[in-house]
Amino acid sequence: MNTRVLTGITTTGTPHLGNYVGAIRPAVEASRRDDVDAFYFMADYHALIKSDDAARIERSRLEIAATWLAAGLDPQRVTFYRQSDIPEIPELTWFLTCIASKGMLNRAHAYKAAVDKNAAAGEDADAGITAGLYMYPVLMAADILAFDANQVPVGRDQIQHIEMARDLGQRFNHLHGHEFFVLPEALIEEQVATLPGLDGRKMSKSYDNTIPLFAGGKKQLRETIMRIVTDSRLPGEPKDPDDCALFTIFRAFASEAETAAFRQALLDGIGWGEAKQVLYERIEADVAPMRERYEALMADPAAIEAILQQGAQKARAIAAPKIVALRDVLGLRAMTTAPARTDQPKAAPKQGKVPRFASFRDADGSFRFRLFSAEGEELLLSKPFADPKAAGALQKQLKTLGAAAAVLQIQPLGMSLELDGEAVARTPDYRDGQARDGALAQLRDALDQLAAQE
Ligand code: TRP
């Protein structure tokens, strides 16, 4: 079976060299593999969270679509679409919102960073923060889960969002007793270069240090490359290739032989101006043919629109039947169909066996407990308490919590359970992500069984 690879591009900016090397080029390459079924889309609903500048969003959507197509994306092969053309995505977002624990969203990095910034400025914690920012991870989970993506190529800053998508998918599957959603995995490309920008820091719009990919044509490309900051070494003085943004950028475009030659030229003392000219020419050799396609596409927005409409059709052919099944299981069905059974107790304890707690004292005298599944497997180990009453109180809380209200922080090999923002218990470490997910389902079962008893 093919691996379904899905990723979204937020449409707020104009693509730069760092985007090309770090995301566009590897994604287009991956889409050409025979074992990959690629879904690439423009996350324009996500763009609304960041910007209310309609002209900018409109322009960015067009530029990004033209860039990806010019970079070689084949819309016959890849399902290439706009998020806002898929009404199933916001519908699924709501279904997932209704099972997302607020505590989990409180811990999303982007939201937390905004809260911390407010705190540092002495403002109210939520000042200026929209519910859109807060819900960002749920919308992203819907993007992914609607299409049963196996792998999601993202930057490191997005790993938490993929974990949340897994968590929501699994929570839904668990609640409704069926594998409605494939659980996605983050794909972090270690091989892909992160380009330095003009000032040597990571090339990023937020640092205002980018080199445009197509905007401004080759003149702008050359001028910007000439502005890359270097040290004051004169022509003839050797330059250190391993501490040199020019070299890092060059390597991302060049063959091994070309890279070795450039390294030698730097060691031999090539002047910075000349080195920049070499860099410019190497990049321009790759970019020029793409730029030509880009300009042709930008001049024909109707052609891009047609491609995206077709992409939306392909995408909806997958998402729409899924939503029908979800509506049905949620009870949103025609009144002429048979009523859902209400006589089935949820998560009935298996053959009278129930999960149980076991308290013990640690070597240092502190009080702790474990939670075991009905089958006797260790699910949780509490944090240590100086006071046995506090440990007992936590057991009591866990008994009534239920799976839906549990805030579980997913780590690579285990999970921690949080109450009021504090980790109070953690699972053992498991072999791998799959074993961890199995344990997550067991833990949810156990919490529901405990709550059903109370
Ligand atoms: N949040 C992603 C980013 O800023 C963009 C995005 C939106 C995305 N939905 C997605 C990425 C779904 C992968 C899958 O980079």
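Y81 has a relative accessibility of 0% and therefore counts as buried. The model in which this residue is described is a predicted one. Y81 belongs to strand β3, which spans residues 79–82. F147, at 0% relative accessibility, likewise counts as buried. The two residues form an aromatic pair, with 5.5 Å from centre to centre and 50 degrees between the planes, and the pair is tilted. F147 is located in the loop between α7 (131–145) and β4 (151–153), so the pair ties together parts that lie 66 residues apart in sequence. Y81 and F147 are also members of one aromatic cluster, together with F39 and F41.

In the structure as a whole, 13 aromatic pairs are present. One of these joins Y20 and F253, whose ring centres are 6.2 Å apart. The planes of Y20 and F253 meet at 15 degrees; planes under 30 degrees apart count as stacked, so this pair is stacked. Y20 counts as buried because its relative accessibility is 7%, and F253 counts as buried because its value is 6%.

Charged side chains are also placed over aromatic rings. The charged end of R201 is positioned over the ring of Y207, at 4.1 Å from the ring centre. A further case is K239, which lies over the face of W272 at a distance of 5.5 Å from the centre of the ring.

The relative accessibility of R227 is 53%; exposed means over 50%, so R227 counts as exposed. When neighbours within four places in sequence are set aside, R227 is in contact with L198 and K276. R227 and K276 are 49 residues apart along the chain, and their C-alpha atoms are separated by 9.1 Å.

R227, by contrast, counts as exposed at 53% relative accessibility.

Key:
Residues are numbered from 1 along each chain as its sequence is written. This is a predicted model: local features need pLDDT of at least 70, side-chain atom pairs count only at pLDDT 80 or more; totals for chains, interfaces and linings use all residues. Side-chain values use heavy atoms; hydrogens and water are left out. Buried means under 20% relative accessible area, exposed over 50%, partly exposed in between (1.4 Å probe, protein chains only). Contact means heavy atoms within 4.5 Å. Rings of Phe, Tyr and Trp (its six-membered ring) pair if their centres lie within 6.5 Å; planes under 30 degrees apart count as stacked, over 60 as edge-to-face and the rest as tilted. Helices (H or I, at least four residues) and strands (E, at least two) are DSSP runs, numbered from the N terminus. A charge sits over a ring if NZ of Lys or CZ of Arg is within 6 Å of the ring centre and within 35 degrees of the ring normal.
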